[in-house]
Amino acid sequence: MFRSIKVSHFCRFLTRASSSKVGVDVASKHDGKTIILTLRNEGKMNCMTEFMAKTFQGIVKQLPESHPKARCLVVTGYGNSFAAGADLAWLDERSKTNPSENIKIMREYYGFFTPLLEIPIPTIAAINGPAIGAGFCVSMFCDLRITSDDAKLGANFVKVGISPGMGGTFTLPSKLNNQVCNDIVLTGRTFTGKEAEKIGVVVKSVPSRSMVLEESMTLASQIVTTTSPNATHETIKLLRKPYLDIMDSQLQLEAEAQARCFASNDFKIALASVKNKTLPVFD
């Protein structure tokens, strides 16, 4: 369906991590005007490892140079998941790392995905399955979002003992109704794609996951075939300016807050509950 592309060394970003392939797949459509990036962590619902994150950053930063015809970027997930948040082993390491070092680590980690706010073309999140925690926040970096009725979305940070990160404290308040945003981040609840469309989190929800990428391609086609490249570029800069103006300072505050949370007893309780597949009971 899509033509694979070879772009310098960044297209060889698939590696073995135990029994799973981890990385980012790259493909194109519409004569190279639409680029599709697929987050991949097979068998782990595409949870976001550091390797995947660094790979993603490298590819997105190189796109304007390596694909000068690109006019739209679509981000999706491998299989039936979009991205189920940060890798558990990586989070476990955060509980064993001192707060000052965690601040640096988290700020760097967020930065692996912020090129989505800097690339000068429209971005679409094709949410083809669970988009949870940091995975959900990555989708919120995108200009447009499409999902399926049964997909599960949520910023579940407070349920796992940490405050929101990955830009969630500025993208959600900026892009969503105040009460919708507060409900999502303060309860940490998950919600369906169908509800996401109703409350304005996504532009459209389709009946099945198999339709998500196709619908996203239809939207991308509208952008790359019927709009002025220059006007779209200027519009993107204007629309994103409010986020970019506060991005660095807010991401730093998020990193500091999460570092404090990683050092807390609440996080230890939450981490143990995830490992044991039980509900956390906070003091």
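These questions and answers walk through a predicted model of one protein chain. Residues are numbered from 1 along each chain as its sequence is written. Local features need pLDDT of at least 70, side-chain atom pairs count only at pLDDT 80 or more, and totals for chains, interfaces and linings use all residues, while side-chain values use heavy atoms, without hydrogens and water.

Reader: How many helices and strands are in the protein chain?

Author: Helices (H or I, at least four residues) and strands (E, at least two) are DSSP runs, numbered from the N terminus. The protein chain has eleven helices and eleven strands.

Reader: What radius of gyration does the protein chain have?

Author: The radius is taken over C-alpha atoms, and the globule rule is 2.2 Å times the number of residues to the power 0.38. For 283 residues, a compact globule would have a radius near 19 Å. The chain agrees with that, at 18 Å.

Reader: What share of the residues of the protein chain count as buried?

Author: Buried means under 20% relative accessible area, exposed over 50%, and partly exposed in between (1.4 Å probe, protein chains only). Of the 283 residues, the buried share is 52%.

Reader: Why is strand β6 described as largely enclosed by the rest of the structure?

Author: In a regular strand the side chains alternate between the two faces of the sheet. Both faces of β6 are covered. Thr123, Ala125 and Ile127 are buried on one side, Ile124 and Ala126 on the other. Strand β6 (residues 123-127) is largely enclosed because its buried residues number five of five.

Reader: Which residue of β8 is the bridge partner of Ile124?

Author: Two strands pair if DSSP finds at least two bridges between them. Strand β5 (residues 72-77) pairs with β6 in the parallel sense over four bridges, and there Val74 has Ile124 as its partner. Strand β8 (residues 144-148) also runs parallel to β6, joined by four bridges. In β8, the partner of Ile124 is Leu144.

Reader: How many residues of helix α5 are buried?

Author: Helix α5 spans residues 134-141 and is mostly covered. Among its buried residues are Phe136, Cys137, Met140 and Phe141.

Reader: Is Asn98 buried, partly exposed or exposed?

Author: Asn98 sits in the loop between α2 (88-94) and α3 (99-111). Its relative accessibility is 43%. Therefore Asn98 counts as partly exposed.

Reader: How far apart in space are Asn98 and Leu63?

Author: In sequence, Asn98 and Leu63 are 35 residues apart. In space, C-alpha to C-alpha, they are apart by 36 Å.
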